[in-house]
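Biologist: I am new to reading structures. Could you walk me through this one, feature by feature?

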Amino acid sequence: MAVPKKRTGASAQGHRRSNWKASKPETTKCTNCGELALTHTVCTACGFYKGQPVRLADKAQFAAAATKPAKKTSKKAAAEKEVAAEVEAIEAEVEAPAQKATKKATAETKKASEAKEQAKISAEKAQAANDTMTSQEIQSKEQKPQ
């Protein structure tokens, strides 16, 4: 049996072990639920692989859903849907004038408030213009208290 003549140093040991590391596993998105799953394995979230269920219970549900024909609507149900649509249309026609009236009223109030604001601003400007004094008036006021 071979026996080393000298002890391996820490540096040589580290260089040897530098390539011995774990790699990140490859993942893909599940075609059924969109969760990340390991490649070539069953999705842990939903149990599907390549778009097909793997568990027996899931297979039975998947097959039943695929073979079930769509339900046909009866004549009564179709007539009820038509009546409901007509009622909704009539209600919309009735509500439309009321909505227009409220829109007009809000527009008028906005215009009135804007006009008031403009009047305030113009009054403030006029007052500021009246309050301004000439340089001679300022000097005369300053000289009076002395």
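Modeller: Gladly, and keep in mind that the model is predicted. Let us begin with Lys21, which sits in the loop that runs between helix H1 (10-17) and strand S1 (27-29).

Biologist: Is Lys21 buried or exposed?

Modeller: Exposure is judged from relative accessibility, and a residue counts as exposed when the value is over 50%. Lys21 has a value of 63%, so it is exposed.

Biologist: What lies 3.2 Å from a polar atom of the Lys21 side chain?

Modeller: That is the backbone oxygen of Ser18.

Biologist: Now the overall layout. How many helices and strands does the protein chain have?

Modeller: There are 4 helices and 4 strands. Following the sequence, their order is α-β-β-β-β-α-α-α.

Biologist: Which of these elements has the highest mean pLDDT, and which the lowest?

Modeller: Confidence is given residue by residue and can then be averaged over an element. Here helix H1 comes out highest with a mean of 94, while helix H4 (residues 135-143) is lowest at 69. Over the whole protein chain the average pLDDT is 80, and 81% of the residues reach at least 70.

Biologist: What share of the protein chain is buried?

Modeller: Of its 146 residues, 5% count as buried. The chain exposes about 13900 Å², with carbon and sulfur atoms supplying 57% of that area. As for contacts with a separation of 6 or more, residues 24 or more positions apart account for 0% of them.

Biologist: Which residues make up the largest nonpolar core?

Modeller: It has 5 residues, namely Cys30, Ala37, Cys43, Cys46 and Phe48. Cys30 counts as buried because its relative accessible area is 11%, and Cys43 is buried too, with 4%. Leaving aside residues up to four places away in sequence, Cys30 touches Glu35, Cys43 and Cys46.

Biologist: I see several cysteines there. How should I think about a disulfide?

Modeller: A disulfide is a covalent bond that joins the sulfur atoms of two cysteines. To be counted here, the two sulfurs must be within 2.5 Å.

Biologist: How many disulfides does that give?

Modeller: The count is 0. Cys30 is in no disulfide, and its nearest cysteine sulfur, that of Cys46, is 3.6 Å away.

Biologist: Where is Lys50, and what is its phi?

Modeller: Lys50 lies in the loop between S3 and strand S4 (52-53). Its phi is positive as well, at about 55°, although Lys50 is not a glycine.

Note on methods
Residues are numbered from 1 along each chain as its sequence is written. Side-chain values use heavy atoms; hydrogens and water are left out. Helices (H or I, at least four residues) and strands (E, at least two) are DSSP runs, numbered from the N terminus. Buried means under 20% relative accessible area, exposed over 50%, partly exposed in between (1.4 Å probe, protein chains only). A polar contact is a pair of N or O atoms within 3.5 Å; within protein, one must be able to donate a hydrogen and the other to accept it, and residues adjacent in sequence count only if both atoms are side-chain atoms. pLDDT is the predictor's confidence in each residue, from 0 to 100. Contact means heavy atoms within 4.5 Å. Accessible areas come from the Shrake-Rupley method with a 1.4 Å probe; for residues, only the protein chains shown count as cover. A nonpolar core is a set of buried Ala, Val, Leu, Ile, Met, Phe, Trp, Tyr and Cys residues joined through side-chain atoms within 4.5 Å.
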